[in-house]
Amino acid sequence: MKRFFLTVLTFLSFGAYNRVMAAPEPELSVTDKSPDFSSRQLHRGRTTVGNMKNKGVYEWENGDKYEGRFVDGSAEGDGVYDWKNGDRYEGGFVNGEAEGFGKYEWTDDKLYNVGDVLTKVFNMYEGEWKCGKRYGKGKAKWSNGDSYEGDWINDVREGSGTYYGANGDKYVGEFKNNRRNGHGIYYYANGDIYEGEWLNGEKHGKGKYTYANGNVYEGEFVNSYIAGYGKYTWVSGAVYEGEFKDDMRNGQGVYTMPNGRQISGMWKDNRHVGS
């Protein structure tokens with residue numbers, strides 16, 4: 001009778017919590033475009049206003065246009081470069097390349113429905129530049145609604161920053177090669193929070209996942225799966241501590257019920273299979 005009672009209680013306790021799977025994450029890779037100043041050699045175009053020794057407007061046969069300062073035939077200092085397709089860079093130049101602080105707007109050549117009207121939506125980066133590439137502190141906003149503010153190196157998100165998803169998610173932490181790498185906190189739109197280690201955009205290593213309903217898992221992750229050794233605590237007061245695999249209790253572990261009763265031994269896919 002006692003064994004039957006424990007079996008029924010175990011079924012009821014675990015049935016309510018089944019898989020301990022984290023919320024899905026949006027893909028945080030977006031297509032960036034670097035400004036192409038391949039037409040910047042002024043001898044390929046024509047001066048329309050001013051001159052090439054000081055300040056003026058310069059147009060190329062392909063439709064690109066530059067307005068600003070010149071030094072020795074190259075854009076130098078503050079200026080505005082407009083591409084025929086509507087892209088625009090406004091900011092500092094050194095030897096014809098974006099340098100210092102500047103703002104770049106570009107289109108991904110797609111039409112979006114804005115107020116029942118099909119129109120182009122521009123992406124934007126505003127911040128520091130070095131040798132024509134995003135380098136230093138800057139913020140970006142993409143046509144899909146995502147945005148990022150933080151460190152850049154050679155046109156990629158690298159260092160510390162904050163990424164805002166259009167769906168309401170937010171990540172604050174370290175980046176490498178445009179991906180979440182190192183330590184960071186991910187705030188899900190549904191109220192879940194993960195804080196811990198990341199590798200190539202995945203939860204990997206040690207971390208803590210707090211669910212919106214109050215349940216908490218703290219332990220190891222592998223490629224965004226709960227895997228390895230960890231501790232899962234339910235708001236009811238129940239606790240499982242032991243081994244996990246594929247977001248489920250797998251391996252040796254101990255389940256402690258809210259009333260203090262314990263079940264220990266081997267587990268497979270969230271079920272107790274033996275002592």
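Predicted model: local features only at pLDDT ≥ 70, side-chain atom pairs only at ≥ 80, totals over all residues.
Helices (H or I, at least four residues) and strands (E, at least two) are DSSP runs, numbered from the N terminus.

Residues are numbered from 1 along each chain as its sequence is written, and side-chain values use heavy atoms, with hydrogens and water left out.

Stay with Lys245 for a moment. Which residues does Lys245 touch, not counting residues up to four places away in sequence? They are Ile226, Ala227 and Asn250. Contact here means heavy atoms within 4.5 Å. Lys245 and Ala227 are 18 residues apart in sequence, yet their C-alpha atoms are 4.3 Å apart in space. Residues 24 or more positions apart account for 22% of them.

Next, look inside. The protein chain has 275 residues, and 41% are buried. Buried means under 20% relative accessible area, exposed means over 50%, and partly exposed is in between (1.4 Å probe, protein chains only). The largest nonpolar core holds 40 residues. Phe37, Tyr66, Tyr81, Tyr89, Phe93, Trp142 and Tyr255 touch the most other members. Strand β6 (residues 97-114) gives this core its largest share, three residues. A nonpolar core is a set of buried Ala, Val, Leu, Ile, Met, Phe, Trp, Tyr and Cys residues joined through side-chain atoms within 4.5 Å. In soluble globular proteins, nonpolar side chains tend to be buried together. Follow Tyr66 as an example. Leaving out residues up to four places away in sequence, its contacts include Trp60, Tyr81 and Phe93.

Charged side chains come next. How many salt bridges does a search of the whole structure find? It finds four. A salt bridge is a side-chain nitrogen of Lys or Arg within 4 Å of a carboxyl oxygen of Asp or Glu. Asp82, Arg88 and Glu90 are linked in a network of these bridges. Arg88 meets Asp82 at 2.6 Å, N to O. Arg88 also pairs with Glu90, with the closest N and O atoms 4.0 Å apart. Asp82 is buried because its relative accessible area is 19%. Arg88 is partly exposed at 31%, and Glu90 is partly exposed at 43%.

Another bridge joins Asp155 and Arg134, with the closest N and O atoms 2.8 Å apart. Asp155 sits in the loop between β9 (147-153) and β10 (156-164) and Arg134 in strand β8, so the pair ties together parts that are 21 residues apart in sequence. Strand β8 spans residues 133-141. Is Arg134 buried or exposed? Arg134 is buried, with a relative accessible area of 0%. Asp155 is buried too, at 10%. Beyond four places in sequence, Arg134 touches residues including Trp106, Trp129 and Trp152.

The protein chain exposes about 14,800 Å², and carbon and sulfur atoms supply 50% of it. Such areas come from the Shrake-Rupley method with a 1.4 Å probe; for residues, only the protein chains shown count as cover. Tyr187 lies in strand β12, residues 179-187. Tyr187 counts as partly exposed because its relative accessibility is 31%.
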